[in-house]
Amino acid sequence: MKIHEYQAKSILASYNIPTPTGRLAQTIDDVRRIAEEIGKPVVIKAQVYAGGRGKAGGIKFASSPVDAVKIATSMLDRTLITHQTSSAGTIVRKVLIEEAVPIVGEIYISIVIDTSKRLPVIMTSSAGGMDIEDIAENSPEKIIMAYVDPAVGFQPYIGRKLAYGIGLSGDLIKEFGAIIAALFKLFMENDCSLAEINPLAVTKDGRLIALDAKLNFDDNALFRHDSIRNLHDPEQDDQFEKIASELGIKNYVKLDGNIGCAVNGAGLAMAALDMIKYAGGRAANFLDIGTVNNPQILINAFKIFMSDPNVKSILINIFGGMARADIIARGIIDAYKQIDIKVPVVIRLAGTNALEGKQMLMQAGINYIDATDFYDAAIKAVSAANN
Ligand code: GDP
Ligand code: MN
C-alpha cells in the first residue's frame with residue numbers, strides 16, 4: 001500500500017527525522033492561508049501516489065501567497081502525468097505547501113527488502129534528487145549499500161560506513177547516522193516494503209532535512225497496522241483496479257500493454273505475462289481468476305477488459321485442475337451474451353473437461369480464436385492485438 005508524501009513526512013517526523021514546516025491544502029483558500037502563515041517563499045507539491053513530480057510540473061516554487069495561489073490553481077483538481085503514472089495520469093486533489101528550504105546538496109536514502117538475499121538493504125547516494133534507476137545505470141559506483149541482519153539489528157557503525165561512503169564529513173556524519181537509524185526503525189516497526197527519502201537535503205546552514213518522503217507498506221502486514229491502513233486514499237487507486245475490486249476480483253493488476261489476459265492460478269498468470277512478452281507483445285493486466293467454478297468471474301473479467309480502451313485482444317488461458325474448463329467455457333459463453341466484446345478473443349483450454357469446454361464454445365457459435373497450446377495462444381493474442 002502506498003501513502004502520500006505529507007503522510008509519510010508526518011510518520012518520519014514522529015521518528016525525529018527532520019522535515020520542512022508545511023501543511024496540506026485541499027482548496028485555494030487553504031493554500032492562501034497556509035502560504036501567509038509560513039510567511040516565506042514556499043514549495044507547492046502535488047500529492048499523488050507517484051514520483052517524478054519535479055520534472056512533470058508537480059513541484060513548484062512560489063515567492064508570495066499570491067504566487068502560491070496562482071500555482072496551486074493550475075494543479076488542484078487537474079491530472080498530473082509523470083513517468084511513474086499511467087499515460088492517463090493521476091488526479092491531484094491535495095497539495096502540500098512547505099517552506100522552501102535553501103539547499104546545497106541532495107542525498108538519496110532508501111530501504112527495501114532484497115528478496116534474493118532475504119535481508120533489508122539500505123541504499124544511499126550522494127547523487128540524490130535524481131531517479132535511483134538513472135544513478136544505477138549511469139554511475140552505479142555512487143550507490144553505497146549496507147545489509148542489515150534483523151537478528152543482529154541495526155548497529156551505529158552501519159550509519160557511519162554509509163556516511164563515509166557518500167563523502168559526508170564533520171557533524172553531518174552523526175546526523176546522517178541518526179537519520180538512517182531512525183528510518184530503519186520506522187521501516188521495521190511498520191512493515192514497510194519501501195522507505196525512501198529523495199532528497200535528504202543538506203541545507204545552507206549545514207543541517208539535513210527530508211524534502212521528499214515515500215513509504216510503501218507490505219499489504220500482508222496491514223492487518224496489524226490499522227492506523228496505516230486508514231491512510232489509504234482510494235482516489236489514487238488505479239481506475240481499472242477499482243473496477244476489478246468492485247466486481248469482487250482481487251488478483252488484478254493493471255499493466256501498460258494491450259492484451260487483456262485472464263488466467264487461472266497466479267503462477268500460470270505470471271507465466272502468461274512472460275509468454276506474451278516472449279511472443280513480442282505486452283499484457284494489459286495481470287489477472288488470476290483463481291480456482292473458481294463460477295462462470296460469473298469470466299463475465300466480470302470481460303467487463304474489465306471492455307472498459308479498458310488499451311485492450312486490443314484478449315487471451316483466456318486455462319489449465320483446468322480443480323477448476324473445470326467446461327465451467328470456464330460456460331462463463332465465456334455467458335459473457336458473450338451479456339457484453340459487447342469488440343476485440344478478438346484467443347482461448348486456450350486444457351486440463352479437466354477441456355474437450356467438453358471446447359465443444360460448448362463451438363456449439364454456442366461464438367466467434368473466437370482457438371489455441372492449441374500456451375505458446376500458440378500467446379502468438380495468436382499478440383498478432384490479434386496488432387491487427
Ligand atoms: P519528486 O520529483 O516527485 O521526487 O518530488 P521531490 O519532492 O523530490 O521534489 C523534486 C525536487 O525539487 C527535489 O529533488 C529538489 O531538488 C526540489 N525541491 C523540493 N523541495 C524543495 C525545497 O524545499 N527546497 C529546494 N531548494 N528544493 C526543493
Ligand atoms: Mn523525490
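This is a short tour of a predicted model, stop by stop, with something to select at each one.

Before you click, note that residues are numbered from 1 along each chain as its sequence is written, while chains are lettered from A and ligands numbered from 1 in the order in which they are written. Because the model is predicted, local features need pLDDT of at least 70 and side-chain atom pairs count only at pLDDT 80 or more, whereas totals for chains, interfaces and linings use all residues; side-chain values use heavy atoms, with hydrogens and water left out.

**Stop 1: the domains**

Colour the protein chain by domain: domain 1 covers 1-19 + 102-236, domain 2 covers 21-100 and domain 3 covers 239-386. These bounds come from an automatic or database domain assignment. The C-alpha centres of domain 1 and domain 3 are 40 Å apart.

**Stop 2: the antiparallel sheet**

Next, select β1, β6, β2 and β3, which form an open sheet in that order with antiparallel pairing. (Strands are DSSP runs of E with at least two residues, helices are runs of H or I with at least four, and both are numbered from the N terminus; two strands pair if DSSP finds at least two bridges between them.) The edges are β1 (22-25) and β3 (59-62); each has a single partner strand, so one side of each is left without a neighbour in the sheet. On average, neighbouring strands here are turned by 25° against each other, direction ignored. (Axes are lines fitted to C-alpha atoms, for helices over the stretch in contact, and angles run from 0 to 180 degrees between N-to-C directions.)

Zoom in on β2 (residues 42-46), which is joined to β3 by four bridges. Show Val 43 and you will find its bridge partner in β3, Phe 61.

Helix α1 (residues 5-14) lies across β1, β2 and β6 (95-99), at about 50° to β6. Helix α2 (residues 28-38) lies across β1, β2 and β6 as well, running at about 170° to β1. (Contact means heavy atoms within 4.5 Å.)

**Stop 3: the manganese site**

Select ligand 2, the manganese ion. Which residues coordinate the manganese ion? Asn 198 (O) and Asp 212 (OD) do, at 2.1 to 2.2 Å. Asn 198 lies in β10 and Asp 212 in the loop between β11 (208-210) and β12 (214-217), so the pair ties together parts that are 14 residues apart in sequence. (Donors are N, O and S atoms within 2.8 Å of the metal, or 3.2 Å for Na, K and Ca; water is not among the atoms, so sites may look incomplete.)

Stay on Asn 198, which is buried with a relative accessible area of 11%. (Buried means under 20% relative accessible area, exposed over 50%, partly exposed in between, using a 1.4 Å probe and protein chains only.) Its peptide bond to Pro 199 is cis, with omega near 10°, and Pro 199 sits in strand β10 (residues 192-203).

**Stop 4: the parallel sheet**

Move to β14, β16, β17 and β18, an open sheet in that order with parallel pairing. Here β14 (259-263) and β18 (369-370) stand at the edges. Two bridges pair β17 with β18, and Val 346 stands opposite Ile 369 in β18. Helix α14 (residues 374-386) lies across β14, β16, β17 and β18, at about 165° to β16.

**Stop 5: a backbone check**

Finish with Asn 353, in the loop between β17 (345-351) and α13 (354-363). Asn 353 has a positive phi of about 60° although it is not a glycine, and counts as partly exposed at 26% relative accessibility.
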